[in-house]
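Here's a friendly walk through one structure, in questions and answers. Have a look at it first, then read on.

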Amino acid sequence: MDEDVLAEELRRSIGELVRAVRAVDTMPPGEAAILGFLDRDGPLTTADLARLRGVTHQSAAKSVKDLSADGLVHSERHPDDGRKFLLRLTDAGRSRLQRERTSRAGALGTAIRETFDSDERRRLGESVALLSRLTAHLTGD
């Protein structure tokens, strides 16, 4: 198969998979993404979150406001620039994120068990390693 055709099929298929898995989410995707960034990267500013998500500052600020109101994140003055605020994940935010991740993994795990036989599951596992290498190449990690 031509690499460009493979690339397009892979892009489409992974996009559909991600959307299908996110269908079980109980919170807006932007809010879940912010919780994920704060969990993986530690404290960030709203501007950092907007850049990471590829959205406007206003869009990120609205999500941050909603998450703060729900007690899932809290802000504190930036130690190097008192005009900025760093956002941190609260224990409630970490718990909510873990529930979202568990729900996604559960839905995906069920689909894997119901769709693939043991050999296909093994091959899928091998494919995960390949996809991880591809991601690392694209992100420069």
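Q: R12 and E16 sit in which helix, and about how many helical turns separate them?
A: Keep in mind that this is a predicted model, where local features need pLDDT of at least 70, side-chain atom pairs count only at pLDDT 80 or more, and totals for chains, interfaces and linings use all residues. Residues are numbered from 1 along each chain as its sequence is written, and side-chain values use heavy atoms, with hydrogens and water left out. Helices are DSSP runs (H or I, at least four residues), numbered from the N terminus. Because R12 and E16 are four residues apart in helix α1, the gap between them is about one helical turn.

Q: Is D25 buried or exposed?
A: D25 has a salt bridge with R104, at 2.8 Å from N to O. That pair links distant parts of the chain, 79 residues apart: D25 is in the loop between α1 and α2 (29–41), and R104 is in helix α5 (residues 91–115). The cut-offs are under 20% relative accessible area for buried, over 50% for exposed and in between for partly exposed (1.4 Å probe, protein chains only). With a relative accessible area of 15%, D25 is therefore buried.

Q: How far apart are the closest N and O atoms of R122 and E126?
A: Both residues lie in helix α6, four residues apart, or about one turn of the helix. R122 counts as partly exposed because its relative accessibility is 42%, and E126 is partly exposed too, at 44%. They form a salt bridge, and the closest N and O atoms are apart by 2.6 Å.

Q: Which element gives the most to the nonpolar patch?
A: I14, V18, L131, L134 and L138 form this patch on the surface, with about 410 Å² of accessible area together. The elements giving two or more residues are α1 (3–22) and α6 (118–139). Patch residues have over 30% relative accessible area and no salt bridge, with nonpolar side chains (Val, Leu, Ile, Met, Phe, Trp, Tyr) joined within 5 Å and like charges within 9 Å; accessible areas come from the Shrake-Rupley method with a 1.4 Å probe, and for residues only the protein chains shown count as cover. With three residues, the top giver is α6.

Definitions and conventions: Salt bridge = Lys/Arg side-chain N within 4 Å of Asp/Glu carboxyl O.
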